[in-house]
Number of protein chains: 2
Amino acid sequence: MKKHNFYAGPSILPQYTINKTAEAILNFAGTGLSVLEVSHRSKEFVAVVDEATQLFKELLNIPDNYSVVFLGGGASTQFAMVPFNLFVKKAAYLNTGEWSKKAIKEAKMFGEVDVVASSEDKNFSYIPKGYTIPEDADYFHITTNNTIFGTEIKYDIDSPVPLVADMSSDIFSRPLDVSKYAIIYGGAQKNLAPAGVTFVIIRNDILGKVTHHLPTMLNYKTHIDKESMFNTPPVLPIFAALQTLRWLKDQGGVEEMNKINVYKAGLLCNEIDRNSLFEATIKDEEDRSLMNICFVMTKGNEDKEKAFFEFATSKGMIGIKGHRSVGGFRASTYNALPVESVKALIATMQEFEQQNS
Amino acid sequence: MKKHNFYAGPSILPQYTINKTAEAILNFAGTGLSVLEVSHRSKEFVAVVDEATQLFKELLNIPDNYSVVFLGGGASTQFAMVPFNLFVKKAAYLNTGEWSKKAIKEAKMFGEVDVVASSEDKNFSYIPKGYTIPEDADYFHITTNNTIFGTEIKYDIDSPVPLVADMSSDIFSRPLDVSKYAIIYGGAQKNLAPAGVTFVIIRNDILGKVTHHLPTMLNYKTHIDKESMFNTPPVLPIFAALQTLRWLKDQGGVEEMNKINVYKAGLLCNEIDRNSLFEATIKDEEDRSLMNICFVMTKGNEDKEKAFFEFATSKGMIGIKGHRSVGGFRASTYNALPVESVKALIATMQEFEQQNS
């Protein structure tokens with residue numbers, strides 16, 4: 001039976017990425033060796049890092065005064081690296097969910113943190129608006145897509161201070177004006193690569209202002225200066241990322257991805273709104289994520305949740321259980337998820353409705 | 001032509017690991033999904049982490065009061081994590097090479113570091129002995145195998161203070177008395193897995209003594225408490241590590257590995273000592289690494305270095321160029337390197353000698 005992969009992350013990757021990676025595990029770039037067992041300093045792998053960095057810049061139209069690096073440690077390590085590199089006297093954060101909270105916790109170890117707004121009062125079911133970013137903050141941090149709660153800031157905001165964005169789960173889902181950001185970072189395991197590699201886009205002039213103890217591996221400059229090769233980078237995840245970047249370019253880039261993502265999310269949201277058994281947890285369409293679509297059973301139908309989960313599983317739907325903080329269901333519709341999978345989920349919802357009304 | 005993989009790291013892995021990983025990239029544990037795109041919280045992947053942790057403990061005979069965790073960030077991140085978790089007032093380090101120096105540099109950011117001995121006076125060509133470990137140090141740090149220089153501490157030393165060892169390049173190469181160590185860590189990309197995962201073995205009672213700012217991701221307790229799943233771990237590298245651990249067990253474990261490693265290194269060292277064109281850079285046999293065997297052209301034959309490199313390359317030898325700090329050649333003879341490859345290198349050295357004498 002065809003499986004439909006709705007995992008929130010690590011999540012579906014293009015079949016192209018999977019096939020090319022499987023090939024390289026057996027014979028990498030004609031070396032006769034596996035990509036799992038080649039030196040990161042071999043000319044064949046240096047070419048992989050170089051092309052991945054170049055395509056990353058090209059696809060997101062990154063200005064020349066920015067660097068792109070690939071690191072280990074996940075976005076969770078970035079929660080500490082950002083203040084290690086930028087925090088001088090005060091930072092500002094927008095609190096839109098669990099990952100924002102974790103980022104705020106790390107920053108607080110460095111000093112004063114101004115949480116300019118929070119949607120925690122309504123279980124993070126909306127994106128706060130109308131807040132004021134303090135002009136004396138060293139930086140302002142946002143989480144653009146909230147994987148757990150299904151909200152997303154789908155536009156590039158204006159900030160009077162350097163803007164830092166965790167884009168772990170929506171990078172490459174839409175065109176960006178990178179010039180509005182000082183740092184964009186994320187774990188790659190949603191729209192880009194298997195788990196194990198973290199990307200960071202850094203405006204070079206933002207660095208060098210802190211005076212506190214800065215461990216070598218947590219210093220962005222270490223990795224910029226050595227072009228992601230200060231130490232042994234996560235070779236296989238970077239190789240796979242390159243395949244996805246090539247696929248993205250071949251698909252027409254982030255403009256085309258955004259069109260398809262809007263279409264896919266629209267199809268599913270329409271069905272959730274129409275279907276008498278389901279309702280969306282995010283009421284304001286403007287705040288709804290294009291990547292993670294959360295829904296629960298309608299009032300009076302809560303007892304059918306387990307039955308729907310089992311029915312959907314029997315139809316090949318994988319990873320649709322909602323996060324425990326929200327309950328219900330979550331369909332993650334990342335770049336690599338085909339329209340066909342969205343339609344299969346919709347058909348499953350409709351069939352379940354017919355059987356249960 | 002058959003390739004012989006002598007890379008220093010990332011380096012040769014068992015064919016079993018490569019084949020099982022290639023299979024799982026196409027269909028992981030019968031899920032119909034790639035191991036690159038499954039949730040780290042799926043029951044199939046949780047089983048991988050559990051079995052890898054269990055086999056790690058079994059193969060190294062790790063006592064019950066120790067934890068094993070799998071992290072990202074490489075051994076270079078451990079250079080900072082060790083003092084972050086253990087440094088209270090003073091640390092002691094043994095300086096046996098480039099990696100020791102990098103570890104010392106990070107510790108110095110925390111306060112007084114006593115470098116008890118160093119072999120830098122002779123380009124790290126021996127292991128210092130007869131030094132005194134200060135009893136007031138919070139811990140004593142060693143690098144057991146010096147990949148660049150080809151020296152190795154092949155026994156478990158006694159330390160009056162908690163012993164911390166970077167075993168990036170010799171873990172699983174011999175039986176260990178883990179009870180003599182407080183922490184053993186390493187990048188996995190030599191004897192265990194592809195690059196991207198770091199292992200740490202920690203005696204639980206060593207933690208919780210520092211009072212300084214300890215970022216969440218740099219706190220060993222974070223990862224111990226969540227059994228390596230605090231954040232998304234490097235899924236594919238951990239999957240591959242499990243395959244190598246299964247292979248290791250099937251081969252007879254670390255006792256058997258050590259016998260084969262002694263045999264392989266002996267064959268090659270004998271040829272280096274015998275061959276009129278080559279000489280070992282490490283004179284004292286006791287200090288010679290079983291993992292990285294360094295040799296240069298003998299006096300008067302320095303001009304043949306490039307010719308030998310080209311000749312060996314033409315015979316399928318890969319990765320034998322010595323590190324720039326040493327020059328000449330380095331043959332890395334990790335667990336997965338077959339005896340056949342050592343014999344092929346020896347035959348190449350003998351043929352080159354015949355052609356050039």
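Me: Which residues in α3(A) meet which residues in α4(A)?

Reply: Contact means C-beta atoms, placed from the backbone, within 7 Å. S76(A), F79(A), A80(A) and P83(A) in α3(A) meet K102(A), A103(A), E106(A) and A107(A) in α4(A). By class, that contact has five nonpolar, one polar and two charged residues. Nonpolar covers Ala, Val, Leu, Ile, Met, Phe, Trp, Tyr, Cys and Pro; charged covers Asp, Glu, Lys and Arg; the others, Gly among them, are polar. This is a predicted model: local features need pLDDT of at least 70, side-chain atom pairs count only at pLDDT 80 or more, and totals for chains, interfaces and linings use all residues. Residues are numbered from 1 along each chain as its sequence is written, while chains are lettered from A and ligands numbered from 1 in the order in which they are written.

Me: At what angle do helix α3 and helix α4 of chain A pack?

Reply: Axes are lines fitted to C-alpha atoms, for helices over the stretch in contact; angles run from 0 to 180 degrees between N-to-C directions. Here the angle is about 40°, with the axes 8 Å apart. That makes α3(A) oblique to α4(A). Oblique is what remains after under 35 degrees (roughly parallel), over 145 (roughly antiparallel) and 65 to 115 (roughly perpendicular).

Technical notes. Helix = DSSP H or I, 4+ residues; strand = E, 2+ residues; numbered from the N terminus. Contact = placed C-beta atoms within 7 Å.
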